[in-house]
Amino acid sequence: MGDPVVLLVEDDPAHAELAMRTLLTSSTKFALTVVETLGAARKWTQLNMADLIVSDLRLPDGSAIELLAHDIPLVIMTSQGDEQHAVAAMKGGALDYVVKSPDMYRDLPITISRALRAARSEREKQRAEASLRESEERFRQLADNIQEAFWLYDLRDSRMVYVSPAWARVYGQPASNVMANADARFANIHPEDRAGARALFEQDGAPRPTAHEFRVLDEGTNTTPRWVEERTQPVDGFDGEPW
C-alpha cells in the first residue's frame with residue numbers, strides 16, 4: 001500500500017503553507033495535493049482517487065460542505081466562530097472539524113491519521129453490512145424456492161423467525177398464523193399425533209435433532225389427513241448457545 005492520498009483545499013496561501021510544511025515533514029507520510037477552490041477540488045477528484053479531503057469551510061466559490069457529495073471522507077477546517085457550521089457539516093457526513101490555530105496545524109498529521117482510521121472502519125462496517133444483506137438475500141431466495149416447508153424458531157423468545165412459503169401447502173394453514181403465534185403450528189396436526197409432536201418440539205434440556213412423522217389436516221376442511229415427516233436441527237447463535 002502507498003501513502004494515504006490527501007487533498008488539501010485551502011485558498012489562503014499562508015494557511016496552506018503551514019499545513020503543507022507540517023504534513024510534508026511529518027513522520028507519517030502522505031501523498032499530498034493542494035488546490036485553492038471548490039471547483040479545482042471537484043476537477044481533481046474527477047481524475048484522481050483521494051483517501052481523504054481536508055478543506056477550509058469557506059472557499060471563494062462555495063462551501064466545503066458541497067464536497068460531501070463526492071463520497072470521499074472529509075475533514076473541515078474552520079476559523080473561530082464557524083463551529084456551528086462545522087457541526088452541521090458533521091451531521092451531513094463530515095468525519096471531523098478542527099479550528100485553525102498553531103496547535104491545530106502542529107497536530108494536523110494526528111488529526112488526519114485519526115480520520116483515515118475512522119474512514120477505514122466505516123468502510124469495513126459498510127462492507128460487512130452489505131455482505132450480510134447479500135447473504136440474507138441468498139438465504140431467502142433459497143428458502144423461498146425449496147419445495148419443503150422450512151422454518152426458523154427462536155428457542156429463547158419462543159417465536160418463529162422465518163417461515164417459508166411452502167408452509168401453507170405442507171401444514172394446511174397460512175404462514176401468518178404461525179408467525180403471529182408459534183403454538184398455531186400444532187392446530188392442524190391430527191389430535192392423536194398432537195401431544196407427541198408437541199413433546200418433541202418442546203424438549204427438556206439441551207436441544208437435539210429430531211425426526212418424526214405425524215398427520216396433518218388442512219385448516220377448516222374434512223379432507224383425509226396426510227403424513228408429514230418433520231426434521232429439526234438446533235443451530236448455535238453467535239454466542240455458541242442454541243438459537
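Q: Is His-190 buried or exposed, and what is its relative accessible area?
A: In this predicted model, a residue counts as buried under 20% relative accessible area, exposed over 50%, and partly exposed in between (1.4 Å probe, protein chains only). His-190 has a relative accessible area of 15%, so it is buried. Side-chain values use heavy atoms, with hydrogens and water left out, and residues are numbered from 1 along each chain as its sequence is written. Because the model is predicted, local features need pLDDT of at least 70 and side-chain atom pairs count only at pLDDT 80 or more, whereas totals for chains, interfaces and linings use all residues.

Q: Where is the place of His-190, and which residues does His-190 touch?
A: Helices (H or I, at least four residues) and strands (E, at least two) are DSSP runs numbered from the N terminus, and His-190 sits in the loop between helix H7 (175–180) and helix H8 (191–201). Contact means heavy atoms within 4.5 Å; leaving aside residues up to four places away in sequence, His-190 touches Arg-215 and Pro-225.

Q: In what order do the five strands of the open sheet run?
A: Strands of a sheet pair through backbone hydrogen bonds, either parallel or antiparallel. Here two strands pair if DSSP finds at least two bridges between them, and the order is S2-S1-S3-S6-S7, with parallel pairing. Strand S2 (31–35) and strand S7 (96–99) are the edge strands, each pairing on one side only. Within the sheet, strand S1 (residues 5–9) pairs with strand S3 (residues 52–56) over four bridges, and Val-9 has Ser-55 in S3 as its bridge partner.

Q: Which strands does helix H5 lie across, and what is the distance between its end C-alpha atoms?
A: Axes are lines fitted to C-alpha atoms, for helices over the stretch in contact, and angles run from 0 to 180 degrees between N-to-C directions. Helix H5 (residues 108–145) lies across S1, S3, strand S6 (74–78) and S7, at about 135° to S3. The expected span of a helix is 1.5 Å times one less than its number of residues; the 38 residues of H5 should therefore span 56 Å, which agrees with end C-alpha atoms 55 Å apart.

Q: At what angle do helix H1 and H5 pack?
A: Angles under 35 degrees count as roughly parallel, over 145 as roughly antiparallel, 65 to 115 as roughly perpendicular and the rest as oblique. Helix H1 (residues 13–24) packs against H5 at about 75°, with the axes 9 Å apart, which means that H1 is roughly perpendicular to H5. Ala-19, Thr-22 and Leu-23 of H1 meet Leu-108, Pro-109 and Ile-112 of H5.
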